[in-house]
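Please look over the two chains shown below. My notes follow as numbered points.

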Amino acid sequence: MRRFIVRRIGQNILTFFLFLTLVYVLVDAQPGDFADIYLADPRLTPTQRAQLRESLGLDRPVLERYLQWLRNAVRGDLGVSFSNYPRPVIDVILERAPRTIVLFLTATIMSYYVGFLAGKVLAWKRGGFMEYATTIVGVGLYTVFLPWFGLMMIWFFAFTLGLFPIGKFVDPVVWRRAPVDANFVFHRMIFSAFLGSTILLLWTSFSRRLNPDQRRPARLIGFLVVLVGIVGYWIVSGIGRYAWDILHHLVLPILTLTLVNFAGTMLLTRNSMLETLREDYIMAARAKGLPDKTIRDKHAARNAMLPVVTAFVLAVAFVLDGGVITETIFSWPGMGLTLLEAAVVQDIPMVIGALVFTGILALTAHLVADVLYAFLDPRIRYS
Amino acid sequence: MAEIAKPSPQPPAPDFIIPEPGSHVPVIETPLWKIRLRLFLRSARTNFQLFAENPIGLFGLGIILFFALMALIHPYLMDNVWDRNIYDPVIGIDQSIPYHPAPPSADHWLGTDPLGRDVLSQLMFGTRAAFVLGILAAIVTVTIATTVGALSAYYGGIVDTIFMRLADLIIMTPTVTILIVMAALFNVGFVHLAIIIGLLGGFGGATIIIKSQALTIKVRAYIEAARVAGGGDVHIILRHIIPNLLPLSFLYMMFTVTTAIALEAVLSFFGLLNIRMSWGLMIYTTQRAGYLLDMSKWWLVFPAGLAITMLCAAFYLVGRAMDEVVNPRLRKR
């Protein structure tokens, strides 16, 4: 097992460097460079443009720039973003990455949860009209043209009903007199959500030891206590309305992403369940006379979860890919939008920085998926 | 001259064995290709019966046929029914209507777009574009994925390592982002896009899945038997491994079509492709004209948006239904 992991890590690092090289060459091969976007600006003379090019190091050959970038990157310095000058790339990433991760992690968890529940029922009640209707609607949503669907959602929920803001991260009117900046509030929000879910997780695993009658009320009480604690903290802290504003902006993108993505999980769970239901231990459970719900939830669904968990881990790796479209439509200032904007103006350090971020995320996810697979299914062992 | 045209004096070699009297060699009187054809037809019929058991697959197939019909009758309509100056999807304009976009009418069933072009004609033209793109991309993907998957499973070792690391590399790449960068960089047209999507798919995720299937085929007894009978590597790969991979490859073709159509629509929507007309471009035109969120002009966005969604969903549903044919563990019985 350890040898397998070490080998995988080694291979992944090699792949990662290949990926970086490929992307650097590709981005650099675009016609023109960053200084050319000032071509139409009469205040910048050709000499000044040449100076700008020289100061950004754009006059040197590609290989030299790439090697220098690589040397610095290994030391943890990803360079300075041209379009956010003079902010370092790492600074921009640290600001924007949490927004993307929070948005997509929440949406992914939601869609996997909904999809898993739906898929479980779908496999159990096979062949009815409900199955066909759910599958067709689900696949319709799954393959929907996302820009169009996102705009429909904005039109319906934000424009017509006025329930949610139309886009962006915060509402400037609310924040005009704010004592702190949005990142401060957002980091506090992440921290409280993290703390709350950790406590809940610990409490759930602890409550397993209780006897079955007490388990459900104990979990409910734990959940309520954590909820009251978090809400109470935000009310007392005095910046609760700003946190509420950010949350309000989060709802519509999350709703859209959940609707679009749940069908994938639903169909995966369904297939996995159908394969599990053929196993002998399901027959044994039926023969014991267990109620249907117990067989479905405790015997079949638990075992059918394996591919779903793997798919979930891999889905986390692709936040940036979905991010480009979703963040553009909802004007959510996360990594996807940053990457797109940087790619358009040839802000090479920023593009590569964003891709380093994705690459690390993707590789970690792949590795975790592999290890998790072996861990969850004892039949699979790596030799 | 007549001597050259004369058939060779030797009779053609018999395509079956003539047994010696008294021997027990079985006589096969029909030629081999006929047997192969009959077997193929029989398995195709059984598979279609399995496929038809699932109403979802038939529903998808129905939608695909509907769109295929739309794509096919468009050239006919252009030549015989519609006036080319008015109904051409790219350069037509109806000058009898003072204001464009005009709502649906008897002349224009789905109205006209901001530039005065007929939306229905654009939609039908876009259907053909979507089919060509999707199927071209799918063929490229499946050809590469099947070949590479079979080769790397069969030979293993360095071939396997190279192709699998390449697949890892491609899986890691955010496809939409890279395509946006490439579309901004090169003059990406229709065929280029299909080939790029096909290459990304073929060397990426599809290869890994097809290779893992090929690995399970490689260890079967009939491969061993073929080798013992003196079959070379090329023969085994072409005759035994690839035919057994084809159902799975065909399945991946369906999913690739979905991906390709969706990607084209996204790139056109951002206005990055150099193509004449497509569904994504219809939405892009609407967006540029500022009618995107104007629901009173629904005919500008809805037909194209629905068409993209429906055709993608149809191919996906057919793929799902075929999954049940290919994978017996999912069947009802």
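**Notes on the predicted model**

1. Start with helix α12 of chain B, residues 279-289. Eight of its eleven residues are buried, so the helix is largely enclosed by the rest of the structure. Keep in mind that this is a predicted model.

2. Which residues of α12(B) are buried? They are B:Trp279, B:Gly280, B:Leu281, B:Met282, B:Ile283, B:Tyr284, B:Thr285 and B:Thr286.

3. From chain A it includes α6 (146-160). From chain B it includes α5 (119-155), α11 and α13. After α12(B) comes B:Gly290, with a positive phi near 85°.

4. Now the contact between the chains. Chain B contributes 36 residues and chain A contributes 38 residues. On the side of chain B that touches chain A, α3 (55-81), α6 (157-172), α7 (175-185), α11 (233-269) and α13 (298-326) of chain B each supply at least two residues. The largest share, nine residues, is from α13(B). By class, this side of chain B holds 26 nonpolar, six polar and four charged residues.

5. Chain A as a whole: 15 helices and zero strands. Its C-alpha atoms fill a box of roughly 85 × 55 × 40 Å along the principal axes. Of the 383 residues in chain A, 32% are buried.

Note on methods:
Residues numbered from 1 in each chain as written. Chains lettered and ligands numbered in written order. Predicted model: local features only at pLDDT ≥ 70, side-chain atom pairs only at ≥ 80, totals over all residues. Contact = placed C-beta atoms within 7 Å. Helix = DSSP H or I, 4+ residues; strand = E, 2+ residues; numbered from the N terminus. Nonpolar A, V, L, I, M, F, W, Y, C, P; charged D, E, K, R; others polar. Buried ≥ 20, exposed ≤ 12 C-beta atoms within 10 Å, placed from the backbone.
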